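Hello,

Here is the structure I promised to hand over. Please open it first, then read the notes below.

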Amino acid sequence: MQTTTRNLILVLGDQLTPTLSSLAAGDPARDRVLMAELDEETTYVRHHKKKIAFLLSAMRHFADELRASGWSVDYVTLDAPEQCGSFSAQVEKAIHHYRPERLVVTMPGEWRVLAMIEAWRAQFSIPVDILPDDRFICTPSAFRTWATGRKQLRMEYFYRDMRRQTGLLMDGDQPVGGRWNFDADNRKAAGVDLFMPRPKTCAPDAITQDVLALVEKRFGDHFGDLHPFWFAVTRADAEAAFAAFVEHALAQFGDFQDAMLAQEPFLYHSVIAQYMNCGLLDPLHICKQVEVAYRANRVPLNAAEGFIRQVIGWREYVRGIYWLKMPGYVHENFFDHHRPLPDFYWTAKTDMACIKEAVTQTREQAYAHHIQRLMVTGNFALLAGLDPHAVHEWYLSVYADAYEWVELPNTLGMSQFADGGLLASKPYAASGAYINRMSNYCGSCAYDVAQRTGPKACPFNALYWNFIARARHRIGTNPRMAQMVRTYERFSPEEQQRIEESAAAFLARL
Ligand code: FAD
Ligand code: DLZ
Ligand code: SF4
């Protein structure tokens with residue numbers, strides 16, 4: 001039993017990893033871990049109820065895991081009288097109580113929290129050690145070095161470096177299969193007759209039941225359905241969920257990565273970002289398991305490469321951009337869009353079948369897959385000129401995997417092009433034809449995807465051309481947009497007029 005505390009180790013809610021640098025540097029016999037459920041963290045946006053329940057339950061299970069391996073853990077629950085509201089106040093109280101020699105913390109995922117921790121150096125009377133977060137492959141400073149001097153940042157080149165650095169899917173210094181990227185094989189639309197694996201579900205245990213009751217009581221008015229709650233909240237269950245994905249879904253992950261089907265929220269996606277982002281799963285380890293499945297001929301190369309690219313490519317790349325560009329990044333608004341978020345982002349009350357489907361499953365599951373986020377809700381926001389900051393806050397609230405370091409560059413950069421093309425090479429803007437090609441939503445929609453203008457026309461169509469019309473002076477020189485700008489400019493003045501009127505009439509009704 002520990003009598004005095006040498007160092008105080010603060011473990012944040014998304015640092016649920018036993019090999020975390022702050023824990024690896026510590027000594028269970030002499031140091032004390034502090035974890036806290038806090039008003040500020042549970043409300044800095046109005047998180048989805050399932051997201052809060054998931055994280056608090058995972059935190060409580062992790063505290064038990066640490067205690068079982070010999071650590072002394074002070075765990076403050078949200079409803080405890082000693083809960084102080086913020087990291088700063090909670091740490092101050094613990095320092096006052098234990099009088100530790102040092103405070104140790106692994107680098108947080110968010111700029112807001114890093115600024116707070118850095119301020120503690122002046123605020124508290126003890127040294128504050130901020131250790132690197134080695135759960136990522138690329139450090140912020142290595143990313144800065146990679147980015148420095150490049151005319152354009154492109155994920156594809158970064159990704160190749162990550163492949164070389166990790167040795168994943170490499171034959172010597174060459175990519176397995178002779179190509180770095182098999183995305184061209186990954187654009188299949190899904191038929192309704194496909195067999196759909198489902199993510200592994202876990203029944204809530206007693207700890208989770210307590211958390212669910214707490215969340216219902218405290219956050220009953222937040223967006224989202226709390227029940228049924230089926231996320232894994234322990235490392236063992238998250239690993240089992242990932243193993244089930246590898247066995248049942250990974251082989252078709254590549255083929256149907258971009259597909260969307262009504263009533264099928266998950267298709268062949270892994271549904272593990274929430275586990276990776278809070279530290280229950282290790283990104284490099286899971287990529288190695290995917291490579292093993294490929295080398296054992298259990299999954300094709302386009303699936304294995306596609307999956308590994310998302311994790312060591314996109315995930316690391318967006319984090320690099322986040323730390324390179326914060327704190328200013330959050331305010332970027334290249335197209336000067338200011339329209340408020342329509343209510344249907346919360347209520348799903350809209351005649352647009354694609355948006356209704358994406359928002360309904362978001363409310364039910366705190367999950368939508370990448371193409372729904374990018375090409376349905378994100379695409380609509382871009383075309384309708386919604387305020388990118390409001391869009392960012394929506395994405396940060398509603399998904400169980402949402403943390404600012406990963407959500408912000410995806411929303412502001414990839415989806416809204418609000419950084420003017422720093423992250424993505426072109427705006428992800430598309431008309432209804434794209435959604436129709438990749439989904440079965442349009443068949444049951446009140447609108448007609450084949451019509452460009454008029455009251456029955458799919459709103460994405462007029463909005464798309466209207467976006468091209470208003471944005472062409474800013475994006476017309478982008479080689480990937482020039483063709484669409486030229487097409488628009490070849491429309492007759494009457495057609496251009498009809499597009500403008502249809503778009504304006506729709507936006508006026510929002
Ligand atoms: P899969 O499709 O099975 O992919 C496997 C893994 O690859 C994911 O678990 C994830 O860790 C990683 N990955 C895939 N694409 C990306 C990407 N673009 N950026 C970073 N990692 C990626 N991802 C988050 O983790 N948190 C977010 O808050 C988030 N917000 C997003 C907001 C928008 C507007 C968009 C367009 C994308 C966002 N993404 C976010 C990226 C991506 O949509 C999710 O990672 C993915 O849908 C999670 O589901 P999955 O685990 O089934 O992923
Ligand atoms: C997201 C979140 C929530 C909802 N609640 C807590 C919490 O109560 N306590 C905590 O330590 N962390 C929480 N988090 C995660 C933090 O917000 C996260 O650590 C920071 O965003 C830094 O990435
Ligand atoms: Fe969405 Fe348009 Fe298709 Fe309706 S017709 S589902 S609004 S893309």
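Asp64 is partly exposed, as its relative accessibility is 36%. Its partner is Arg67: the two side chains meet in a salt bridge, 3.1 Å from N to O. Arg67 is partly exposed as well, at 38% relative accessible area. Both residues sit in helix H3 (residues 49-68), three residues apart, so about one helical turn separates them. Please keep in mind that this is a predicted model.

**Other salt bridges**

The structure holds 24 salt bridges. Asp133 and Arg135 form one of them, at 2.9 Å from N to O. Asp133 is buried, and so is Arg135.

Another joins Asp401 to Arg373, with the closest N and O atoms 2.9 Å apart. Asp401 lies in the loop between helix H17 (388-398) and helix H18 (404-415), while Arg373 belongs to helix H16 (residues 370-384), so this pair ties together parts that are 28 residues apart in sequence. Asp401 is buried at 9% relative accessibility. Arg373 is buried too, at 18%. There is also a network: salt bridges with shared partners join Glu41, Glu110 and Arg112.

**Cores**

The largest nonpolar core has 167 residues. Tyr275, Phe307 and Phe380 have the most contacts inside this core. Helix H13 (residues 301-325) supplies the largest share, 13 residues. Take Tyr275 as a way in. Leaving aside residues up to four places away in sequence, Tyr275 touches Phe54, Phe231, Ala232, Ala238, Ala241, Leu280 and Leu281. A second, separate core has 21 residues. Among them are Leu12, Leu38, Val91 and Ile95.

**Helix H5**

Helix H5 (residues 111-123) has 13 residues. From first C-alpha to last, H5 reaches 18 Å, close to the 18 Å expected at 1.5 Å a residue. Its buried residues are Val113, Leu114, Met116, Ile117 and Trp120. Seen down the axis of H5, these fall within an arc of 160°, so they line one face of the helix. What covers them? The cover includes strand E1 (7-10), helix H2 (39-43), helix H4 (87-98), strand E4 (102-106), strand E5 (128-131) and H13.

**Helix H8**

Helix H8 (residues 206-219) has 14 residues. H8 reaches 20 Å between its first and last C-alpha, close to the 20 Å expected at 1.5 Å a residue. Thr208, Val211, Leu212, Leu214, Val215 and Phe219 are buried in H8. These residues cover an arc of only 165° around the axis, which puts them on the same side of H8. Ala206 and Lys217, on the other side, are exposed. The cover over the buried residues of H8 includes H2 and H3.

**Cysteines**

How many disulfides are there? The count comes to zero. Cys287 is in no disulfide, and the nearest cysteine sulfur, that of Cys138, is 14 Å away. Cys287 is buried, at 0% relative accessibility. Cys445 is partly exposed, with a relative accessible area of 22%.

**Two single residues**

Asn7 is found in strand E1. At 9% relative accessibility, Asn7 is buried, because the cut-off for that is under 20%. Not counting residues up to four places away in sequence, Asn7 touches Arg30, Asp31, Arg32, Pro100, Glu101, Arg102 and Val104.

Pro409 lies in helix H18. Its relative accessible area is 0%, so Pro409 counts as buried. With residues up to four places away in sequence left out, Pro409 touches Val318, Tyr322, Tyr329, Glu404, Met414 and Leu423. Pro409 and Ala424 are 15 residues apart in sequence. In space, their C-alpha atoms are 9.7 Å apart.

Best wishes

Terms used:
Residues numbered from 1 in each chain as written. Chains lettered and ligands numbered in written order. Predicted model: local features only at pLDDT ≥ 70, side-chain atom pairs only at ≥ 80, totals over all residues. Heavy atoms only, no water. Core = buried A, V, L, I, M, F, W, Y, C linked by side-chain atoms within 4.5 Å. Buried < 20%, exposed > 50% of the residue type's maximum accessible area, 1.4 Å probe, protein only. Helix = DSSP H or I, 4+ residues; strand = E, 2+ residues; numbered from the N terminus. Contact = heavy atoms within 4.5 Å. Expected span 1.5 Å × (residues − 1). Arc of directions from axis to C-beta. Disulfide = S-S within 2.5 Å. Salt bridge = Lys/Arg side-chain N within 4 Å of Asp/Glu carboxyl O.
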